[in-house]
Amino acid sequence: MLVSLELRPKASKAMVYQSPLIAVFMTLITSMVMFWLMDTDPFLAINAYFIEPVSTLDGVAELLVKATPLILIALGLSVGFQANIWNIGAEGQLTLGAIFSGGIALAYFDVDTPFLLPAMLVFGVLGGMFWAAIPAILKVRYNTNEILTSLMLTYVGLLLLSYLIHGPLRDPDGFNFPESRLFHDSALLPIIIEGSRLHIGFLLTLFIAVLTWMLLIKHIIGFQIRVIGMAPAAARFAGFKQKKLIWITLLFSGGAAGLAGAFEVSGPIGQIVPVISPGYGFTAIIVAFLGRLHPLGVVLAGILMALTYLGGDAAQITMNLPNAVTGVFQGMLLFFLLASDVLIRYRFKIGSIKKETT
Amino acid sequence: MSEFRKLTLLTLAMLASFLVGMFGVAHADPLKVGFVYVGPIGDHGWSYEHNQGRLSVEKEFGDKVKTTYVESVPEGADAQRVINQLAAKGHDLIFTTSFGYMNPTIQVAKKHPKVHFEHATGYKRSKNVATYSGRFYEGRHVAGLIAGKMTKTNIIGYVASFPIPEVIRGINAVAIAARSVNPDVKVKVVWVSSWFDPGKESTAANTLIDQGADIIMQHTDSPAPVQTAQKRGVWALGQASNMSSFGPKAHLTAIIDNWSPYYIARTKAVMDGTWKSGDTWGGFKSGMVEMAPYNSAIPADVVNLAETARKGIISGSVHAFTGPIKDQSGKIVIADGKVADDGMLAGMNFYVEGVEGKIPQ
């Protein structure tokens with residue numbers, strides 16, 4: 001007896017939106033079994049992971065600090081992914097954004113002016129756009145695969161940061177250690193909740209989520225992006241300018257990632273350091289898909305993903321659970337999401353394989 | 001009679017208060033000690049040794065302490081959150097064990113003035129932030145002497161992480177020591193831009209062996225270079241912990257970071273209320289740096305040379321940076337008969353004669 005997968009005639013729309021919830025639910029159930037096998041009280045472990053980190057106002061603030069770059073980058077990526085433009089290099093674009101905005105902060109490190117912060121954010125966006133423009137021009141001109149070019153440029157970006165922080169951007173009073181000087185107060189993002197690290201970048205990110213939604217749903221460009229993603233031939237037939245859309249989606253996602261980099265250096269970090277992002281650019285790809293490439297979904301998915309990191313800290317501190325559990329959580333989440341996606345679009349067929357004749 | 005009664009009562013009262021006191025001590029909350037690691041505790045290098053130090057604190061004080069660790073904490077925005085959580089969860093003493101935690105530690109310490117912080121390898125201190133590090137260059141000196149004697153090709157390959165003063169200092173200490181017993185020695189360096197990346201470390205070791213190195217040294221945290229040396233049939237010197245199980249034939253010795261005595265002493269100081277901020281830079285003498293057992297393939301006279309140097313460092317008669325020392329251009333940087341002071345060591349940013357290439361910057 002053979003089991004094969006067959007395409008369902010029509011995927012249930014309700015299920016498409018429910019599948020992230022199913023994935024989260026399955027992850028919870030499976031992880032409780034895992035904790036039980038590890039001789040850990042499953043309920044205490046789940047409590048440490050998902051409740052304890054957000055049981056204080058400071059915890060909620062930290063959650064949103066962590067979620068901000070993930071949401072921002074994923075918003076940018078989701079626009080491109082809908083048009084089948086696969087920008088995998090957000091990590092590099094974030095790094096360039098951090099270099100550009102941090103460079104401004106360091107160039108005017110002793111100047112106290114309200115224009116410094118806006119300039120840093122603008123330069124952060126430009127830095128990310130600049131790094132995303134390279135794959136865009138290569139794709140438009142030479143039809144180069146943007147997955148490869150954007151990914152490879154990530155490593156170039158990280159090495160550029162390494163070069164700068166071991167050289168020109170190094171703190172002159174820092175005993176040659178690879179860190180820049182601390183930014184001036186006027187180069188730091190205002191804090192929303194007194195005493196926490198939650199900065200205004202989170203509110204700007206929510207604002208950008210609304211803008212992204214309007215772009216996708218209300219604007220002709222959003223319509224074109226969706227058509228080109230679902231039916232490239234139809235888009236060509238309708239006379240959509242594909243090159244223009246490549247430029248728009250790559251610059252948009254690069255700019256968002258660059259802004260995320262600017263938020264990190266002017267927010268929670270406050271200086272340029274050799275490692276600015278612990279892989280936000282890659283994790284955001286998971287966030288984008290977990291959020292169904294929809295702005296609201298991305299916001300929720302970003303918060304959920306951030307919670308798995310905070311929960312990982314809390315579980316280590318209060319339960320002495322290993323850090324690897326965090327990775328297992330994220331892996332399970334993605335696995336169950338993909339699995340339920342497959343089952344929504346396909347169904348099991350039991351019996352011998354026959355060539356489809358219809 | 002009434003006098004006797006009074007006395008009995010008094011005795012009883014004293015006994016009771018004594019018992020209550022005992023009871024109170026027995027049930028006093030254990031001192032909570034937190035550790036933040038940059039790598040996984042299974043790296044068999046840097047974070048592994050810090051975790052060994054944590055375990056020895058638990059062993060020393062039993063149920064009088066409760067230790068917690070958080071591993072693989074990135075050195076960016078996350079560090080501050082993790083350190084802050086440890087402080088908020090009632091830890092009295094927190095060790096942050098990587099250079100990149102310096103500013104986050106200072107920031108969190110401001111918010112928690114009653115918590116004691118200890119930051120490894122940094123230079124910023126405050127009333128409740130102390131710093132500590134090892135004089136690993138002392139171990140490098142001994143390793144360099146052995147390498148200089150054991151090499152046939154006169155090329156020492158060095159797998160390095162990041163061009164910070166601590167790493168440069170180690171490279172220089174090796175070059176100076178090796179050339180003191182074998183003036184033809186050259187040190188070739190490959191930078192892997194990571195503290196823990198077994199794949200890259202292994203590739204770097206292979207490259208160095210292809211270029212003629214028959215001794216592989218490392219300032220990275222995984223045992224991959226030792227494994228590569230074993231496979232290729234050349235010598236290796238381990239880093240941070242005894243790595244001989246990863247390449248028993250190749251492993252000449254290793255420089256061991258032994259944090260246990262310091263961690264125990266600082267924990268005790270917090271318990272006794274005598275903790276003070278300061279800077280500790282421990283070497284062979286304080287036991288913070290140790291050598292792993294010497295490989296039996298090392299001739300007796302070389303072992304003798306190494307041990308004499310180690311004892312000399314402890315007694316103060318030997319210093320790894322004793323002039324005349326020239327930089328790559330041949331300029332004298334440490335005059336004849338002088339030794340480098342701690343300020344020069346802390347900010348070292350040049351290669352000495354005998355090291356090939358340039359410091360990336």
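Two strands are taken to pair if DSSP finds at least two bridges between them. Helices (H or I, at least four residues) and strands (E, at least two) are DSSP runs, numbered from the N terminus.

1. Basis of the note. This is a predicted model, in which local features need pLDDT of at least 70 and side-chain atom pairs count only at pLDDT 80 or more, while totals for chains, interfaces and linings use all residues. Residues are numbered from 1 along each chain as its sequence is written, and chains are lettered from A and ligands numbered from 1 in the order in which they are written.

2. The mixed sheet of chain B. An open sheet of 6 strands in chain B has the order 7-6-8-9-10-12, with mixed pairing. Its edge strands are strand 7 (186–191) and strand 12 (289–291) of chain B, each of which pairs on one side only. Neighbouring strands of this sheet are turned by 20° against each other on average, direction ignored. Within the sheet, strand 9 (residues 235–240) and strand 10 (residues 251–257) of chain B run parallel and are joined by 5 bridges. B:Q239 stands opposite B:I255 in strand 10 of chain B.

3. Helix 6 (residues 165–181) of chain B lies across strand 6 (155–160), strand 7 and strand 8 (215–219) of chain B, and runs at about 170° to strand 6 of chain B. Helix 7 (residues 198–210) of chain B also packs on the sheet, where it touches strand 6, strand 7 and strand 8 of chain B, and its direction makes about 160° with that of strand 6 of chain B. For these angles, axes are lines fitted to C-alpha atoms, for helices over the stretch in contact, and angles run from 0 to 180 degrees between N-to-C directions. Two residues are in contact if their C-beta atoms, placed from the backbone, lie within 7 Å.

4. The parallel sheet of chain B. Another open sheet in chain B is formed by 6 strands in the order 2-1-3-4-5-11, and here the pairing is parallel. Strand 2 (65–70) and strand 11 (279–282) of chain B stand at the edges with a single partner strand each, so one side of each is left without a neighbour in the sheet. On average, neighbouring strands of this sheet are turned by 20° against each other, direction ignored. Strand 5 (residues 129–134) of chain B is joined to strand 11 of chain B by 4 bridges, and the two run parallel; B:T131 stands opposite B:D279 in strand 11 of chain B. Helix 2 of chain B packs on the sheet and touches strand 1 and strand 2 of chain B, its direction making about 165° with that of strand 2 of chain B.

5. Strand 3 of chain B. Which residues cover the two faces of strand 3 (residues 93–96) of chain B? B:L93 and B:F95 lie on one side and B:I94 and B:T96 on the other, and all are buried. A residue is buried if 20 or more other C-beta atoms lie within 10 Å of its own, exposed if 12 or fewer, and partly exposed in between, with C-beta atoms placed from the backbone. Strand 1 (residues 31–36) of chain B runs parallel to strand 3 of chain B, with 4 bridges joining them, and strand 4 (residues 116–120) of chain B is likewise parallel to strand 3 of chain B, with 4 bridges. B:F35 stands opposite B:F95, and B:F95 stands opposite B:E118 in strand 4 of chain B.

6. Domains of chain B. Chain B is divided into domain 1 (31–134) and domain 2 (136–256 + 289–346); the bounds come from an automatic or database domain assignment. The C-alpha centres of the two domains lie 28 Å apart. In the contact between them, 10 residues of domain 1 of chain B meet 12 residues of domain 2 of chain B. Helix 2 (residues 46–61) of chain B gives the most to the domain 1 side, with 3 residues.

7. Chain B as a whole. Chain B has 11 helices and 14 strands. Its C-alpha trace spans about 95 × 45 × 40 Å along its principal axes, and buried residues make up 51% of its 361 residues.

8. Contact between the chains. In the interface, 22 residues of chain A are in contact with 31 residues of chain B. On the chain A side, the elements that give two or more residues are helix 10 (242–269) and helix 12 (295–319) of chain A.
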